[in-house]
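Thanks for coming, everyone. Please have a look at the sequence and the structure, and then I will walk you through them.

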Amino acid sequence: RSTMEGLVELFKNGFITENQYKERAKDISKDDIHRFLQKDWETTKITIYAKMTNLAEKLLLTKIPVLTEVREVNLASVEQKFLTLSPALQDLVSCPEDGQKEQEVMNIVKDYLQYMEDDKSFRAMSDNPFIPNMNLKKDVLASLALFSTLETV
């Protein structure tokens, strides 16, 4: 019986495909999956917050015109967007057998994926060559990919 941590390591490091990940996750209890997703998302949130804070400090000091667009971005709104998943995950962990709670989480995940595609400010931060190590999209996508287990559990 595999653990969620081990399974995620295999998946994130590219040793297994998303389908293999979802298939193997069927052997893990819903409770373990929900708790792991909650823990992983909290870590991702800390990463988002740290990168946003670092970016805000850099933008105050920069004179590069290309970054004007990013400077005008309301960093707090991007950060706020990614907070809504935490309460839904808390509900899911407290009611692991509630299929509606899983659906609520999946709806938020789908909303995040759409937001990352559509939101100009998020794209300006994620795909900007003048901001090294900022690829928030990569960080968030790595965490959101883990939620695919909820579609099959």
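**A first tour of the chain**

Of the 153 residues in this protein chain, 41% count as buried. Keep in mind that this is a predicted model.

What is the chain built from? It has nine helices and zero strands. Read from the N terminus, the order of elements is α-α-α-α-α-α-α-α-α. Now the contacts. Take those in the chain with a separation of 6 or more: residues 24 or more positions apart account for 74% of them.

Next, the core. The largest nonpolar core has 40 residues. Which of them have the most contacts inside it? They are Phe82, Leu85, Val105, Met125, Leu144 and Phe147. At least two residues each come from α1 (4-12), α2 (18-25), α3, α5 (75-81), α6, α7 (99-118), α8 (120-126) and α9 (136-145). The largest share, eight residues, is supplied by α3.

Let's stay with α3. This helix covers residues 30-61, and it packs with helix α6, residues 85-94. Two packed helices are described by the angle between their axes and the distance between the axes. Here the angle is about 160°, and the axes are 9 Å apart. Angles over 145 degrees count as roughly antiparallel, so α3 is roughly antiparallel to α6. The crossing of α3 past α6 is left-handed.

Who meets whom? On the α3 side we have Asp31, His34, Arg35, Leu37, Gln38, Trp41, Glu42 and Lys45. On the α6 side we have Leu85, Ser86, Leu89, Gln90, Leu92 and Val93. The residues of this contact divide into six nonpolar, four polar and four charged.

Leave out residues up to four places away in sequence, and Leu85 touches Trp41, Val105, Ile108, Val109, Tyr112, Leu144 and Phe147. Val105, Leu144 and Phe147 were named with Leu85 among the residues with the most core contacts.

Is leucine 75 buried or exposed? Its relative accessibility is 14%. Buried means under 20%, so leucine 75 counts as buried. What does leucine 75 touch? Again leaving out residues up to four places away in sequence, its partners are Met52, Leu55, Ala56 and Met125. Look at leucine 55 in particular. Leucine 75 and leucine 55 are 20 residues apart in sequence, and their C-alpha atoms are 8.8 Å apart in space.

That's the tour. Over to you.

Key:
Residues are numbered from 1 along each chain as its sequence is written. This is a predicted model: local features need pLDDT of at least 70, side-chain atom pairs count only at pLDDT 80 or more; totals for chains, interfaces and linings use all residues. Side-chain values use heavy atoms; hydrogens and water are left out. Axes are lines fitted to C-alpha atoms, for helices over the stretch in contact, and angles run from 0 to 180 degrees between N-to-C directions. Helices (H or I, at least four residues) and strands (E, at least two) are DSSP runs, numbered from the N terminus. Angles under 35 degrees count as roughly parallel, over 145 as roughly antiparallel, 65 to 115 as roughly perpendicular and the rest as oblique. A crossing is left-handed if the near helix is turned anticlockwise from the far one by less than a right angle, and right-handed if clockwise. Contact means heavy atoms within 4.5 Å. Ala, Val, Leu, Ile, Met, Phe, Trp, Tyr, Cys and Pro count as nonpolar, Asp, Glu, Lys and Arg as charged, and the others, Gly among them, as polar. A nonpolar core is a set of buried Ala, Val, Leu, Ile, Met, Phe, Trp, Tyr and Cys residues joined through side-chain atoms within 4.5 Å. Buried means under 20% relative accessible area, exposed over 50%, partly exposed in between (1.4 Å probe, protein chains only).
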